[in-house]
Amino acid sequence: MMPLADLFVHVFVLVDDALRTGRVPIPHRPGPPPVCAEAEILTIALVRHLLRRPSERAFLAEVRQDWAHYFPHLPVQSEFNRRVRWLWGAFEALRQHLVRQRPEDAWQQVDTTALPVKHPSRVRGPDGWHGPGDLHAGLGRDAAHSEWFYGFRLALRTDLGSRLIRAWGIVPAAVDERAVADALLAGTRPRGLLLDRGFAGQAWKAMQQARGTQVVLTPGRTERRLLPAAVRRPVAVLRNRIETTTGELTERLGLARHGARTFWGLLTRTAATILAHTLLRLRLV
């Protein structure tokens, strides 16, 4: 990672260029343009995620104290938070612009990971954790940690080789993963998919193969014991690639401790985290 002064400048130039050229559209807001430009707001939010700073309030205080010569008109934290949520789509638009410049891998992976919003013991009934349409928080099983959680799932489609995230979405905690895969695969036909056992289903597998996509399911624990040692290791390495990606998002970049209080805050922080991951994978920062 480059020095913080260079990081601010580098990210600002990247964001500002994308806004000025129209590659990243900004939704219109009524009234006069704000004193603190949209590119500055996006830059600060994105740098915070790149640095894995968990507290937005603390990071804004640091920027206000140490980097006021870069951002002389920084808004108060509540206004900053509202503006970042308003601009969440810019994070995703910039990510899509960056990954479109790289050809997709022939083989890809699709998986989901838990995205908790509160401990299950604190659930007392209907709450405000709901998104567009009928999307709302619920109980789900986190197979990776063998525990129940309350919240959503983060669904990812990634290149098997480069581990670039090609598509993602926030979905219900209890969901048919094959339906999630269909949504993430819309408009693309990879040569092959490496998936876990949650996608097992002969009809779905046959449908994908009819589209020209070979589906390979990673062997379960019992099946792995029966594999020759020479085969077992490569399979584990390939399967662990998407687990590495989810670990980078949730642990290294802090999405597991997102601190969001509403679905739209969660959506914004997820989009910014995935953009930060993309910049790191492309070695742009």
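Okay, some ground rules. Residues are numbered from 1 along each chain as its sequence is written, and side-chain values use heavy atoms, with hydrogens and water left out. Since the model is predicted, local features need pLDDT of at least 70 and side-chain atom pairs count only at pLDDT 80 or more, while totals for chains, interfaces and linings use all residues.

Let's start with the helices. The helices here are DSSP runs (H or I, at least four residues), and strands are runs of E, at least two, with the numbering going from the N terminus. Two packed helices are described by the angle between their axes and the distance between the axes. An axis is a line fitted to C-alpha atoms, for helices over the stretch in contact, and angles run from 0 to 180 degrees between N-to-C directions.

Have a look at α10, residues 263–281. Which residues of α2 touch α10? Leu 46, His 49 and Leu 50 do, and on the α10 side the contact is made by Arg 269, Ala 272, Thr 273, Leu 275, Ala 276, Leu 279 and Leu 280. Contact, by the way, means heavy atoms within 4.5 Å. By class, this α2 and α10 contact has seven nonpolar, two polar and one charged residues. For the classes, Ala, Val, Leu, Ile, Met, Phe, Trp, Tyr, Cys and Pro count as nonpolar, Asp, Glu, Lys and Arg as charged, and the others, Gly among them, as polar.

As for geometry, the axes of α2 and α10 come within 9 Å and cross at roughly 70°. That makes α2 roughly perpendicular to α10; the cut-offs are under 35 degrees for roughly parallel, over 145 for roughly antiparallel, 65 to 115 for roughly perpendicular, and oblique for the rest. The crossing of α2 and α10 is right-handed. Handedness works like this: left-handed if the near helix is turned anticlockwise from the far one by less than a right angle, right-handed if clockwise.

Now α4, residues 77–86, whose axis comes within 9 Å of that of α10, crossing at roughly 70°. So α4 and α10 are roughly perpendicular to each other too. Asn 81, Val 84 and Arg 85 of α4 meet Trp 264, Gly 265, Thr 268 and Arg 269 of α10. In that contact there are two nonpolar, three polar and two charged residues.

What about α6 and α7? Helix α6 (177–184) and helix α7 (202–210) have axes 11 Å apart, at an angle of about 15°, so they are roughly parallel. Their crossing is left-handed. Arg 178, Ala 181 and Asp 182 of α6 touch Trp 204, Met 207 and Gln 208 of α7, which divides into three nonpolar, one polar and two charged residues.

Thr 213 lies in the loop between α7 and β6 (214–217). Is Thr 213 buried or exposed? Buried, at 1% relative accessibility, where buried means under 20% relative accessible area, exposed over 50%, and partly exposed in between, using a 1.4 Å probe and protein chains only. Leaving out residues up to four places away in sequence, Thr 213 touches Arg 189, Pro 190, Arg 191, Gly 192, Leu 193 and Gln 208.

Back to the loop between α2 and α3, where Leu 51 sits. Leu 51 is partly exposed at 21%, and beyond its neighbours within four places in sequence it contacts Leu 4, Leu 7 and Phe 59.

Last topic: rings. Rings of Phe, Tyr and Trp (its six-membered ring) pair if their centres lie within 6.5 Å, with planes under 30 degrees apart called stacked, over 60 edge-to-face, and the rest tilted. How many aromatic pairs are there? Eight. One of them is Tyr 70 with Phe 71, edge-to-face at 6.4 Å centre to centre and 75° between the planes. Tyr 70 is partly exposed at 32%, whereas Phe 71 is buried at 5%. Another edge-to-face pair is Phe 263 with Trp 264, at 5.3 Å and 85°. Phe 263 is buried at 3%, while Trp 264 is partly exposed at 39%. Finally, ring pairs link Phe 8, Phe 59, Trp 67, Tyr 70 and Phe 71 into a cluster.
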